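Good morning, and thank you for joining this meeting. I would like to walk you through one structure, and I ask that you keep it in view while I speak.

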4 protein chains.
Amino acid sequence: MIRFAIIGAGRIGQVHARAVAAHPEATLTLVYDAFEAPAKALAEARGARYTLDIDEVYNAADVDAVIIGSPTAMHVEHILGSVRVGKRVLCEKPVALDMAEAVRCMEELGDEARRVMLGFNRRFDPSFAEINARVADGEIGQLQQLTVTSRDPQGPPAEYVAGSGGIFKDMTIHDFDMVRFFLGDIVEVSAFGTNADEAIKAAGDFDQAMVLLRNADGALATIVNSRTCAYGYDQRLEAFGADGALNAENLTATSVRKASATQTQAQGPVLDFFLSRYEAAYSRELDAFIAAVVEDREISPNIVDGVEALRLAEAATQSAREGRTVRL
Amino acid sequence: MIRFAIIGAGRIGQVHARAVAAHPEATLTLVYDAFEAPAKALAEARGARYTLDIDEVYNAADVDAVIIGSPTAMHVEHILGSVRVGKRVLCEKPVALDMAEAVRCMEELGDEARRVMLGFNRRFDPSFAEINARVADGEIGQLQQLTVTSRDPQGPPAEYVAGSGGIFKDMTIHDFDMVRFFLGDIVEVSAFGTNADEAIKAAGDFDQAMVLLRNADGALATIVNSRTCAYGYDQRLEAFGADGALNAENLTATSVRKASATQTQAQGPVLDFFLSRYEAAYSRELDAFIAAVVEDREISPNIVDGVEALRLAEAATQSAREGRTVRL
Amino acid sequence: MIRFAIIGAGRIGQVHARAVAAHPEATLTLVYDAFEAPAKALAEARGARYTLDIDEVYNAADVDAVIIGSPTAMHVEHILGSVRVGKRVLCEKPVALDMAEAVRCMEELGDEARRVMLGFNRRFDPSFAEINARVADGEIGQLQQLTVTSRDPQGPPAEYVAGSGGIFKDMTIHDFDMVRFFLGDIVEVSAFGTNADEAIKAAGDFDQAMVLLRNADGALATIVNSRTCAYGYDQRLEAFGADGALNAENLTATSVRKASATQTQAQGPVLDFFLSRYEAAYSRELDAFIAAVVEDREISPNIVDGVEALRLAEAATQSAREGRTVRL
Amino acid sequence: MIRFAIIGAGRIGQVHARAVAAHPEATLTLVYDAFEAPAKALAEARGARYTLDIDEVYNAADVDAVIIGSPTAMHVEHILGSVRVGKRVLCEKPVALDMAEAVRCMEELGDEARRVMLGFNRRFDPSFAEINARVADGEIGQLQQLTVTSRDPQGPPAEYVAGSGGIFKDMTIHDFDMVRFFLGDIVEVSAFGTNADEAIKAAGDFDQAMVLLRNADGALATIVNSRTCAYGYDQRLEAFGADGALNAENLTATSVRKASATQTQAQGPVLDFFLSRYEAAYSRELDAFIAAVVEDREISPNIVDGVEALRLAEAATQSAREGRTVRL
């Protein structure tokens, strides 16, 4: 039984608390937040105690592992603080908004950087994970092209955008990690950003983007992003290889299809919230983390993956802003 | 080059005339109809001559084969007249509305009954034909269950119903032939008829039906019929065998799918007219007929198949009217 | 918080115990089984106590509701015993194998018969339930035809078949309830049974069946059953109405589709185990039961529904054995 | 009735000859080729006369319109020659391999440049054309993102590649026109090329490519290209707008789907030859051309579209070779 503390009692902390509660080998011991109300509420809902003092987390004898869901600006401090006292760590992405800060974290961690899990949950989505495994098994031959479509149902408020680090660090970062999951290290990036949303434009960020990437072997990828999508949370992937292709389609709540005078085969809207869309992914992510803790080994995705995804986000930002291809 | 006469210049005669015109090994020589206007119009449109005298068809030296699209009541006379003078015949279904009449035709024809093609065009639909061939190749193992869905876009006028012979002879006859195409001779039939349309009910016929059938080997089939269907011409088939299943889905005009706030994967309506839905089937039917003429051999479906389908229609009518299972 | 006892610690008892454990308003207090090993194992796994004495269930002050998963032969005794002491009951289907026994249970229960829930879990499948609700909302107009396809992945052992009551009572019973869920009371049944499996044939039962049904309004249904299915657990439904149709398709584990040199759009096999296929249904069934207990009201499906489904199973058995349509 | 000459009796000339033969308002009068054998064969097959002297085409009084399917290097000469004598022209793409040559043609034509149709047949594919029309009707709101997937079943021989002008001019040119069909003029291009095929690499060309494009309004497009595709001729398009998306899926020969122990919903391979895939497009292209001739008006796509597509091909070639974004 792995005993967990959760740092940060906000929405994502609650998601993790539920996954821990449902997991047969996990138990929640302690909840930390800078504010008492959410810390207390989450602790009580899950039968754990809470604290407003982060040192209590580090010092707790009944905490084996820490899940960090605090504000991004606190990630590095909470990672280093937890690792320093021998806790195992699963931290939400990104490592940091600032590349230098992320690299500093990675360097301070040294060998431990590959043992701190970073929450790129989409790698654990059953469909994406299945395609990755089947590609690795050689089912479609040499992988040549990857197409990642990722559109959010609704754009963030303009005030969020201001502190988000921009679309490439805030949203595309997941897709950069997905590209790395399939293609490994990337050597060339070209990104186009644009705006359909005036408020986001006014806040100085793009709300739509397309990116091209190339890996060292010459395999290509394209990412298609939008902050809004009328039909829900559009999350698809196509892996194209020498012998065929594997596609992950969107998910709907049921398998019902309708035929009427004006159309046929009409399914319901796509699952439109990251928690319902990636519910299975969060659960399998925790499985993977616990397995790595139990077996005391490195895990993917980790802090190094986080730094590399951030490097792609910075390259894409530069490419989109300066209108040029960036080599890494 | 096979030289054709067409008997009957109505809608179905025009369909066949077009198929003959498009066929590289066929040419249209002569058109017969009881009325001059349609005969002349069709003949001129296709560069053929026309006649109002049926004997001219029988006596024409430049006619090798005859396609009969006359009213059903004339089928037997036109078949026998044509075969008597050595013409090869493709006749629209049914052989006759009356079983005794159809049997008389079959008996008079003797061995020729298997050389007169009957226009059960659906056997030549690319999807249904493909499934039949793949079942025959053993791709799904022993065939065990067949599901035939057949719904017309719009019901016939009540005055047509009166002289149609009833839904089982007029509409389900195609599905009975389809069941025989897959399962061969049938030994047991149970049919339920019902009404959603008051006018057809008043005319003494059913407008919806479901039928169960069993062949000599014990394989089962179900037919689902409706005279009306809001989303078009619903024509599907499922063959279920020991090792899997093969399904033919409906056809839409294009491959376009739409996603919106209320639904996803919405395709257009199903092709809603028998000519567009079965355009390829009519063309392949003619191919099969010409091949049999050229090779001077028996063909399926033929007059015997027509008599057997009619036998199933009579059994189903009896079953539905008397509320009992009928053994053949 | 509703406090549960589970009667019967076998496979289905374990399914319900898991659902109770996961439910925020339910807790498991007591497990009964005739044998100690399974009772003890289940109780310990779920933090409950266990007993081999059924009276202890009836007398337990900390048990509000009972879930009955005992052998079918014990259902009536356990239902009556529990209801007599004021416990609320959710009983697995069927009420009894014998119609007279089921009717006796219903009559002894009197008004309580509509408050004892019967475990026709498929009514709670998200897709089937959604179609039922949309039909009720009038989305496809007057419901006219229902097609239920229900094929099990693997046939039961011949020794099970002997005591099962036959395919119509053991397997089709779910489909009869589904037809009643959509069409209400049935007035006419015709069933064909057949065999693809020699062992089941030798045991005196059918292993495949097709059934036609008609309700009082003239709406028709067809059921297609097989004890085996190469591609998994084939569970589909089509509701056809005046204004369109709603179809529930099969479920696969992921949304992945493959294209290769020989085929395209290939998905994985259908979910092939009733627990994975109907996992959501069991959970929603418990929701519905708890809601009815909390609100102290009647519930569907109940013992009356169980008796009516059994009546259809008996009619179908008679129809298939005697080769005739049965009126109810 | 429009009387046609065909210049070039090769494969594409034969395609057009067949479309002319099938068209009710068109007739083929004359065939020209530099070689006698193909000219004679095509003329005889279609009941036309032939010539080896191009001036005979220009001088023929019984030729209203000319379809040019000669080698690309001859296109400009044949266009200018035909227009000079007042013939209406439908020319296969591209106008020329060399941009300067294409511009010279456009300039010499002056106002006539918009009356010479260029054979970007994909605009007439029923699915792509339907999406374009529905986008124009505002069905998905403001168009924001376009994804074009275009993969050929088999790569060309290396010797063809040498004289092809490179993948962007030879293959992607169709996709550039498709992007312009939806997004109009393009202001920014970034292209990545790569190689999976050693022979094509040795010939100095790419065999796979991905391209990003932006129009003046900021709408983005991505093109995904491959010279080879295991599952056939992969031709898809997604138009994404403020209110939803429209997708054109690949076409298979029939609607048959297979379920077996290892997979479900498996369709046949995608139509794998441009003539079967775009058969309807060639026919509708001719419809559009004849309508423009009859109504004596401008037509799209025309020589100006050809020049603009070529401009994008040159920009993409430059972008891919120099590793930079190109502004237009």
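Which residue forms a salt bridge with A:Glu188? The partner is A:Arg214, and the closest N and O atoms are 2.8 Å apart. By salt bridge I mean a side-chain nitrogen of Lys or Arg within 4 Å of a carboxyl oxygen of Asp or Glu. This pair links distant parts of the chain: A:Glu188 belongs to strand E8 (residues 186-194) of chain A, A:Arg214 to strand E9 (residues 208-215) of chain A, and they are 26 residues apart. Over all chains, the structure holds 108 salt bridges.

Let me state the conventions. This is a predicted model, in which local features need pLDDT of at least 70, side-chain atom pairs count only at pLDDT 80 or more, and totals for chains, interfaces and linings use all residues. Residues are numbered from 1 along each chain as its sequence is written, chains are lettered from A and ligands numbered from 1 in the order in which they are written, and side-chain values use heavy atoms, with hydrogens and water left out. Helices (H or I, at least four residues) and strands (E, at least two) are DSSP runs, numbered from the N terminus.

I turn now to the interfaces of chain A. The size of an interface is often given as the accessible area lost when the parts come together. Buried area here is the accessible area (1.4 Å probe) that two parts lose on being put together, summed over both. For chain D and chain A it is about 3,100 Å², with 57% coming from carbon and sulfur atoms. On the side of chain D, D:Phe192, D:Met210 and D:Leu212 lose the most area to chain A, together 23% of what that side buries. Contact, meaning heavy atoms within 4.5 Å, involves 43 residues from chain D and 43 residues from chain A.

Four salt bridges are counted between chain D and chain A. In one of these, D:Glu238 is joined to A:Arg236, with the closest N and O atoms 2.9 Å apart. The side of chain D that touches chain A divides into 19 nonpolar, 16 polar and eight charged residues. In this scheme Ala, Val, Leu, Ile, Met, Phe, Trp, Tyr, Cys and Pro count as nonpolar, Asp, Glu, Lys and Arg as charged, and the others, Gly among them, as polar.

How many residues of chain B are in contact with chain A? There are 15, facing 15 residues of chain A. Chain B and chain A bury about 1,200 Å² between them, 53% of it on carbon and sulfur atoms. The side of chain B that touches chain A has seven nonpolar, eight polar and no charged residues. The count of salt bridges between these two chains is zero, while five residue pairs are in polar contact, both at pLDDT 80 or more.

Next come the sheets, where two strands pair if DSSP finds at least two bridges between them. In chain D, six strands form an open sheet with parallel pairing, in the order E3-E2-E1-E4-E5-E6. Strand E3 (49-51) and strand E6 (117-118) of chain D are its edge strands, each pairing on one side only.

Another open sheet has eight strands and mixed pairing, in the order E14(B)-E8(B)-E9(B)-E10(B)-E7(B)-E11(B)-E12(B)-E13(D). Strand E14 (326-327) of chain B and strand E13 (256-260) of chain D each have a single partner strand, so one side of each is left without a neighbour in the sheet. Within this sheet, strand E7 (residues 143-151) and strand E10 (residues 220-226) of chain B pair in the parallel sense over seven bridges. One bridge partners B:Leu146 with B:Ala221.

Finally, some backbone details. Most residues other than glycine have a negative phi, and most peptide bonds are trans. A cis peptide bond joins B:Ser300 and B:Pro301, with omega about -10°. The bond from D:Ser300 to D:Pro301 is also cis, with omega near -5°. A:Gln265 has a positive phi, near 60°, and lies in the loop between strand E13 (256-260) and helix H11 (274-277) of chain A.

Definitions and conventions:
A polar contact is a pair of N or O atoms within 3.5 Å; within protein, one must be able to donate a hydrogen and the other to accept it, and residues adjacent in sequence count only if both atoms are side-chain atoms.
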